[in-house]
Amino acid sequence: MDKTIAFVFAAGLGTRLYPLTANRPKALVCYQDKPLLQHVLEKITAAGIDDIIVNVHHFPDQIADFLRTHHFDARIRISDERAYLRDTAGGLKFAAPFLEDAQTLLLYNVDILSNIDIDRMLLNHKKSGADVTLAVRNRKTSRYLVFDEQTMRMCGWKNVSSGEAVMPRVPENALDLAFSGIHVVNRNLVDAIPSVEKCSLVPLYVQLVNTINIQGYLHQNDEWMDVGKFEQFKNVLK
């Protein structure tokens with residue numbers, strides 16, 4: 001049976017949410033009287049995933065206390081990065097011992113709130129034969145992932161503010177989409193992450209577009225919010 005483990009990225013310093021993170025981790029900042037971490041964990045467990053890893057760094061004991069005093073329908077383990085913050089790819093690599101039983105991993109940023117259908121995204125990932133499936137939307141941002149419109153295969157990345165672009169694959173018809181902070185990956189991606197202490201997943205994906213199949217999953221009609229910045233958070237509280 002194909003086992004899926006979820007990995008929640010909750011180790012960030014939360015600098016973009018300051019002053020809300022002056023005395024708590026970003027994961028425990030509340031939206032509608034509920035910590036962001038609780039929103040995400042309830043979302044994941046509602047999809048039937050009962051094995052979850054949460055990485056921690058900033059105020060890690062607060063997250064540990066929260067998980068100890070709140071019940072979720074899942075086994076939840078902590079990947080403790082308090083000694084050194086490793087970024088997304090580095091954090092995933094560091095947690096590799098927790099992930100050995102999985103064939104598929106759901107990766108979810110703790111500051112993303114969405115009604116995206118996780119079951120449908122997982123099914124799409126398996127049916128497509130992709131190694132990596134990235135939830136994407138057509139929205140305004142400074143940094144875009146570039147896909148081939150016909151195949152939805154990722155071709156590269158560009159920053160419209162700086163003009164920087166990295167395009168290892170040449171799309172027939174380029175489609176620029178914004179990443180939603182939710183991805184499904186095959187377990188063997190962890191083996192492809194360099195054995196370095198700190199690196200990020202999106203630049204790694206760009207490096208791997210000619211080596212593995214990285215697909216976009218368009219979820220344009222879903223509700224979605226990035227509440228990782230203080231200005232954005234103030235807007236959703238209005």
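This is a predicted model: local features need pLDDT of at least 70, side-chain atom pairs count only at pLDDT 80 or more; totals for chains, interfaces and linings use all residues.
Reader: Are helices α1 and α2 parallel, perpendicular or oblique to each other?

Author: Two packed helices are described by the angle between their axes and the distance between the axes. Here α1 (residues 36-46) and α2 (residues 60-69) pack at about 50 degrees, with axes 11 Å apart. Angles under 35 degrees count as roughly parallel and those from 65 to 115 as roughly perpendicular. The two helices, α1 and α2, are therefore oblique.

Reader: How many residues of the contact of α1 with α2 are nonpolar?

Author: From α1, the residues Leu 37, Gln 38 and Leu 41 meet Ile 63, Phe 66 and Leu 67 of α2. Among the residues of this contact, none is charged and one is polar, and the nonpolar residues number five.

Reader: Which residues lie nearest the centre of the largest pocket?

Author: The largest pocket holds about 1,400 Å³ of space. Elements that each supply at least two residues of its lining include α3 (87-94), β9 (143-148) and α6 (201-208). The lining divides into 18 nonpolar, 15 polar and twelve charged residues. Of the 45 lining residues, those nearest the centre are Arg 16, Thr 88, Asn 109, Arg 143 and Ser 200.

Reader: Which two residues does a cis peptide bond join?

Author: Most peptide bonds are trans. One exception involves a proline in the loop between β1 (4-9) and β2 (30-31), namely Pro 19. With omega at about 15 degrees, the cis bond joins Tyr 18 and Pro 19.

Reader: What is the phi of Gln 32?

Author: Most residues other than glycine have a negative phi. Gln 32 is placed in the loop between β2 and β3 (34-35). Its phi is positive although the residue is not glycine, with a value near 55 degrees.

Definitions and conventions:
Residues are numbered from 1 along each chain as its sequence is written. Side-chain values use heavy atoms; hydrogens and water are left out. Axes are lines fitted to C-alpha atoms, for helices over the stretch in contact, and angles run from 0 to 180 degrees between N-to-C directions. Helices (H or I, at least four residues) and strands (E, at least two) are DSSP runs, numbered from the N terminus. Angles under 35 degrees count as roughly parallel, over 145 as roughly antiparallel, 65 to 115 as roughly perpendicular and the rest as oblique. Contact means heavy atoms within 4.5 Å. Ala, Val, Leu, Ile, Met, Phe, Trp, Tyr, Cys and Pro count as nonpolar, Asp, Glu, Lys and Arg as charged, and the others, Gly among them, as polar. On a 1 Å grid over the protein atoms alone, a cavity is a set of points where a 1.4 Å probe fits but cannot get out, and a pocket is an open set with protein on both sides within 12 Å along at least five of seven lines; lining residues have an atom within 4 Å of a point. Grid points are joined across faces, edges and corners, and a volume is the space filled by probe spheres set on the points.
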